[in-house]
Amino acid sequence: MAEEIAKYGVKEPSEGVNGKLASNMTGEAIEGVFDYGNITKDHKAVVKEVIEFLRQREGVPTQMLVEELKIKFEIVEIPMKNIEDSIWGQLIKDERLGVSIQGFRTTKDSDGKKLRIPHVGMSADLDYLDEFANRLVQKLSKIVKE
């Protein structure tokens with residue numbers, strides 16, 4: 001375990017960094033998703049401006065509006081790694097697990113382009129998780145034997 005802590009920089013991701021979750025790969029703070037339970041006057045002002053913008057541009061194709069808003073608000077979209085395309089996503093695809101993206105960290109892909117890696121939360125009843133763990137061990141055992 002000490003080697004893993006040295007490699008990844010964190011023992012317990014929920015201990016966090018400055019009140020945020022920590023990446024269990026890098027130890028850096030996870031950038032959380034927007035907290036709709038903590039909306040400020042400034043947030044509301046921005047949303048009102050976007051609503052007015054949309055009303056004034058009625059009939060304009062959505063993609064064009066999106067591009068205009070990205071320019072206006074200086075937004076740079078960074079792609080998110082797709083859970084379904086990951087090894088983990090393939091292992092759990094037929095399972096009844098609750099999966100939610102709690103945030104992300106930004107890294108670079110093999111081409112040097114920025115990529116967001118989701119920090120995934122999963123939920124299920126404990127007895128279901130026990131059954132899932134048994135199924136997972138069986139799947140992995142079959143793979144190793146092949």
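Biologist: Which residue in strand 2 does Glu 31 stand opposite?

Modeller: In this predicted model, where local features need pLDDT of at least 70, side-chain atom pairs count only at pLDDT 80 or more, and totals for chains, interfaces and linings use all residues, strands (E, at least two residues) and helices (H or I, at least four) are DSSP runs numbered from the N terminus. Residues are numbered from 1 along each chain as its sequence is written, and side-chain values use heavy atoms, with hydrogens and water left out. Strand 1 and strand 2 (residues 98-108) run antiparallel and are joined by two bridges; the residue of strand 2 opposite Glu 31 is Phe 104.

Biologist: Which are the edge strands?

Modeller: Three strands form an open antiparallel sheet in the order 1-2-3, where pairing requires that DSSP finds at least two bridges between two strands. Pairing on one side only marks the edge strands, which are strand 1 (31-32) and strand 3 (114-123).

Biologist: Why does Lys 20 count as partly exposed?

Modeller: Lys 20 lies in the loop between helix 1 (2-8) and strand 1. Buried means under 20% relative accessible area and exposed over 50%, with partly exposed in between (1.4 Å probe, protein chains only). Lys 20 counts as partly exposed because its relative accessibility is 44%.

Biologist: Leaving aside neighbours within four places in sequence, which residues is Ile 92 in contact with?

Modeller: Contact means heavy atoms within 4.5 Å. With neighbours within four places in sequence left aside, the residues in contact with Ile 92 are Leu 97, Val 99, Met 122 and Phe 132.
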